[in-house]
Amino acid sequence: MCTAVSFSGFTHCFGRNLDLECSYGESVAVTPRRYPFSFRCGEQLPRHYAMIGMAHVAAGFPLYYEATNERGLSMAGLNFPQSCVYHPCRAGKANIASFELIPWLLSRCSTLAQARAALETVNVWDESFAPHLPASPLHWLMADKTGALVVESTADGLQIYENDTRVLTNEPPFPFHRENLQQYHALTPEDPAFPVFSRGLGSRGLPGGLDSASRFVRAAFTARHALPGETEAETVSRFFRILDIVAQTRGCCHLGGDDYEETLYSSCCTDGGVYYYATAANRSLTAVDMHRENLDAVAVVTYPLQTALQVERQN
């Protein structure tokens, strides 16, 4: 289970919590402009926008969990196992495998409006990367500083939704979350009738569970009311606080046997191309700046996650 958020302050921030029972060898990956994308439908893209994000790199190809391109357009894939349906190839459509959708869009689109137009042509193809890497059932949050979209491939085809909450979790489909949120419209950051004695009571009734619907409401409430930072550091710090309120601690979500779901990492990428992250064991922020790389190179550059606890001692 996962939560993704888009948030604007001094800078636009986009990121997510990745909630799983184990790591799949992910690393921070920078794909430069001249990396030769070769998509399964046969399309070759020798030059494109550069991007940075978290990915499992297999056979040199970045399988992005989430990414942001050099123009500030971002996209994240989240688990969507019950409702997700990928389709066979369809004539007259851009047949894009689910693992290709993030790089296919971010490589060619500089704005959310361009991405929406491109999505109108897409059929998410039921193609796996490899026999040992089957297609993950996903839906996606896509955003820039102008707004956000949710993209879901279901039995009825590709659904594209405007998302003014700018957050996404998992099942059920996005229309459920949007409707469910209405029952919490009266929640506020304060109770104006009792401003001194009722601090925090305006949010009484905010759901606190780890289930997808509860996390959606909690993240939407917090992202809506969090004050925008006046510097990049303030904005990034507040963004991670939003993710913290929906993070999972190992032991609280039991999957059976010895498996427990936890937030393996939390990420935030600014529209300036700096990717910040913290891991389950290492809460200190680590940053990778895509613009410190040669963005006209041809090979994906990866940085392994800093997972060991880092403590700055003051005495």
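Mentor: Let us settle one term before we start: a residue is buried under 20% relative accessible area, exposed over 50% and partly exposed in between, with a 1.4 Å probe and protein chains only. This is a predicted model, so local features need pLDDT of at least 70 and side-chain atom pairs count only at pLDDT 80 or more, while totals for chains, interfaces and linings use all residues. Residues are numbered from 1 along each chain as its sequence is written, and side-chain values use heavy atoms, with hydrogens and water left out.

Trainee: Thanks! Is Cys-252 buried or exposed?

Mentor: Exposed is the class for values over 50%. Cys-252 has a relative accessibility of 57%, so Cys-252 counts as exposed.

Trainee: How many disulfides does the rule give?

Mentor: A disulfide is a covalent bond between the sulfur atoms of two cysteines. The rule here asks for a pair of cysteine sulfur atoms within 2.5 Å. Cys-252 is in no disulfide, as the nearest cysteine sulfur, that of Cys-253, is 8.6 Å away. By this rule, the number of disulfides is zero.

Trainee: Which cysteine has the sulfur closest to that of Cys-13?

Mentor: Cys-13 is buried, at a relative accessible area of 0%. Its sulfur is 3.6 Å from the closest cysteine sulfur, which is too far for a bond, and that sulfur belongs to Cys-268.

Trainee: Now the strands. How many residues of strand 18 are buried?

Mentor: Helices (H or I, at least four residues) and strands (E, at least two) are DSSP runs, numbered from the N terminus; strand 18 covers residues 274-279. In a regular strand the side chains alternate between the two faces of the sheet. Here Val-274, Tyr-276 and Ala-278 point one way, Tyr-275, Tyr-277 and Thr-279 point the other way, and all are buried. The count for strand 18 is therefore six of six, by the under 20% rule.

Trainee: Which residue of strand 19 is the bridge partner of Tyr-275?

Mentor: Two strands pair if DSSP finds at least two bridges between them. Strand 18 pairs with strand 17 (residues 262-270) in the antiparallel sense over five bridges, and there Cys-269 stands opposite Tyr-275. With strand 19 (residues 286-289), strand 18 has four bridges, again antiparallel. In strand 19, the partner of Tyr-275 is Val-288.

Trainee: Which residue in the hairpin of strands 17 and 18 takes a positive phi?

Mentor: That hairpin has three residues between its strands, while the one joining strand 18 to strand 19 goes through six residues. The positive phi, near 85°, belongs to Gly-273.

Trainee: How many residues are in the largest nonpolar core?

Mentor: A nonpolar core is a set of buried Ala, Val, Leu, Ile, Met, Phe, Trp, Tyr and Cys residues joined through side-chain atoms within 4.5 Å. Tyr-275 is among those with the most contacts inside the largest core, along with Val-5, Val-28 and Ile-52. Tyr-275 touches Val-28, Ile-52 and Met-54, among others (contact means heavy atoms within 4.5 Å). The number of residues in the largest core is 47.

Trainee: And how many residues does the other core have?

Mentor: Apart from the largest one lies another core, with Tyr-35, Ala-55, Ala-130 and Ile-160 among its members. Its residue count is 41.

Trainee: Which strands stand at the edges of the six-stranded sheet?

Mentor: This open sheet has the order 14-1-2-17-18-19, with antiparallel pairing. Each edge strand has a single partner strand, so one side of each is left without a neighbour in the sheet, and these are strand 14 and strand 19.

Trainee: At about what angle does helix 5 run to strand 17?

Mentor: Axes are lines fitted to C-alpha atoms, for helices over the stretch in contact, and angles run from 0 to 180 degrees between N-to-C directions. Helix 5 (residues 232-244) lies across strand 1, strand 2, strand 17 and strand 18. Its angle to strand 17 is about 150°.

Trainee: Last one: how wide an arc do the buried residues of helix 2 cover?

Mentor: Those residues are Leu-112, Ala-115, Ala-118 and Leu-119. They are on the same side of helix 2 because their arc around the axis, taken from the directions from the helix axis to the C-beta atoms, is only 120°.

Conventions:
Lists of a residue's contacts leave out its neighbours within four places in sequence.
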